[in-house]
Amino acid sequence: MKHATRTLAATTATLLAAAIAGCAGTGTRDAPPPAPLALDTHVDIPLDYMREPRFDVGGDTPLLVDLGKMERGGLAGAFFVVYVGQGPLTPEGYADAVAQADRKFSAIALMLEKYPDRIRAARTPQDVRDNHARGLLSAMIGIENSYSLGHDLGRIDSSFAKGARYLGLVHVGNNDLCSSANPDVKQGQPAHNSAADAGMSDFGRAAVARANALGMMVDVSHASDKCVRDAIAASKSPVIASHSSARALVDVPRNLPDDLLRAIAADGGVVQAVAYKEFLKSDPARAAAEKALQQEVARQAGDAEYDSDKHDYLPAMTEGMARIEREHPLASLEQYMDHIRHMVDVAGIDHVGIASDFDGGGGITGWMDASQTPNVTAALRARGFSEADIAKIWGGNLLRVWQAAIDEAARERGAAP
Ligand SMILES: [Zn+2]
């Protein structure tokens with residue numbers, strides 16, 4: 001009782017102080033609201049992440065996401081992505097993909113070992129909140145292209161043990177789980193949305209079941225429309241699209257059509273609108289200029305083909321990209337907001353989030369790296385989203401879906417969630 005009285009007195013004093021401050025016109029009413037807990041669900045890392053000094057994220061790096069940029073931009077956490085490109089479905093191809101994925105998992109572990117006072121692993125939504133409360137960044141891990149499972153379901157368990165919390169089924173070109181939104185038509189794979197598009201395989205369904213059992217989210221970005229529908233049907237917990245925008249605004253297969261935005265929402269899932277130039281603004285001239293530059297830089301380096309890991313940070317590439325940016329500017333924050341607005345209108349405020357695809361081709365005028373994250377929040381406010389809506393878009397929705405995956409796994413084990 002005494003305690004309650006004291007609390008009440010303290011509250012009254014606080015309110016009084018606030019009222020006086022307000023009357024005195026100190027501008028407290030105009031102070032910006034606290035920044036939301038901001039999570040980015042798709043940040044790529046180069047193959048030599050943390051191993052090459054220039055990719056040591058404790059210092060200033062050419063990367064669009066490093067610890068300093070996250071801290072300065074108030075980006076509370078990111079899913080660092082273990083990506084592998086699609087190769088042949090052969091024992092050699094699988095072995096190579098597994099090795100690349102392991103190199104990236106261990107690079108993320110190196111970051112966590114080296115900078116425990118700045119960034120910590122988050123293996124649950126509660127970890128994210130706890131890290132944030134302590135002033136620490138959160139590192140999550142997402143798999144992009146389950147080709148790196150090497151056709152072995154046991155790799156889902158070992159990836160989960162290393163911290164992977166979403167399983168991206170496929171990338172460019174069909175694999176053993178799923179057909180891609182960008183099938184390799186030159187290699188004879190059926191066109192996207194053609195009658196022969198196979199959707200999800202039995203192995204794909206087994207992988208989804210294993211991810212469900214572990215409490216790992218299933219990620220449908222890069223999957224064909226048919227595979228997205230198959231994944232929603234196969235998964236016991238809601239699915240995510242870790243980095244996809246709206247096809248109704250820019251008609252590319254990597255964006256999601258309205259019916260699939262609605263289907264993911266009806267299932268309880270979330271679509272993370274991606275700040276990737278070509279998905280926000282159709283600009284064939286820029287795409288052609290970038291392709292020509294990539295080929296030229298590869299040729300100068302004595303390579304037959306462009307390789308992002310090898311060529312992206314060469315001076316010729318950096319200078320060429322600056323020229324292209326002057327001639328063909330990137331998509332704007334306004335265009336990004338158009339996608340978010342449309343997705344919220346179609347799917348609902350509880351089913352849209354944010355992803356940059358930084359260091360994997362993402363970045364737009366106004367959100368060129370993680371340090372510019374407050375610009376996105378300001379743009380959301382300018383579009384009339386409330387603080388509660390912004391908190392959902394910036395991470396609340398994603399954390400809800402992640403928790404649902406954990407709860408479903410607990411139910412399967414027969415334990416109370
Ligand atoms: Zn991607």
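**Exercise 1.** Determine whether H328 counts as buried or exposed.

*Solution.* H328 has a relative accessibility of 19%. Buried means under 20% relative accessible area, exposed over 50%, and partly exposed in between (1.4 Å probe, protein chains only). H328 therefore counts as buried. The model is predicted: local features need pLDDT of at least 70 and side-chain atom pairs count only at pLDDT 80 or more, while totals for chains, interfaces and linings use all residues. Residues are numbered from 1 along each chain as its sequence is written, and side-chain values use heavy atoms, with hydrogens and water left out.

**Exercise 2.** Locate H328 and list its contacts, leaving aside neighbours within four places in sequence.

*Solution.* H328 sits in the loop between α12 (315–327) and α13 (333–347); helices are DSSP runs (H or I, at least four residues), numbered from the N terminus. Contact means heavy atoms within 4.5 Å. With those neighbours left aside, H328 touches D283, A285, R286 and A289.

**Exercise 3.** Describe the packing of α5 and α6.

*Solution.* Helix α5 (residues 154–161) and helix α6 (residues 202–214) pack at an angle of about 35 degrees, and their axes are 9 Å apart. Axes are lines fitted to C-alpha atoms over the stretch in contact, with angles from 0 to 180 degrees between N-to-C directions. From α5, the contact uses I156, D157 and F160; from α6, A207, R210, A211 and L214.

**Exercise 4.** Identify the residues with the most contacts inside the largest nonpolar core.

*Solution.* Such a core is a set of buried Ala, Val, Leu, Ile, Met, Phe, Trp, Tyr and Cys residues joined through side-chain atoms within 4.5 Å. The largest has 88 residues, and those with the most contacts inside it are F80, M111, L169, Y336, I340, W367 and L380. Helix α13 gives the most to this core, with eight residues.

Terms used. Helices (H or I, at least four residues) and strands (E, at least two) are DSSP runs, numbered from the N terminus.
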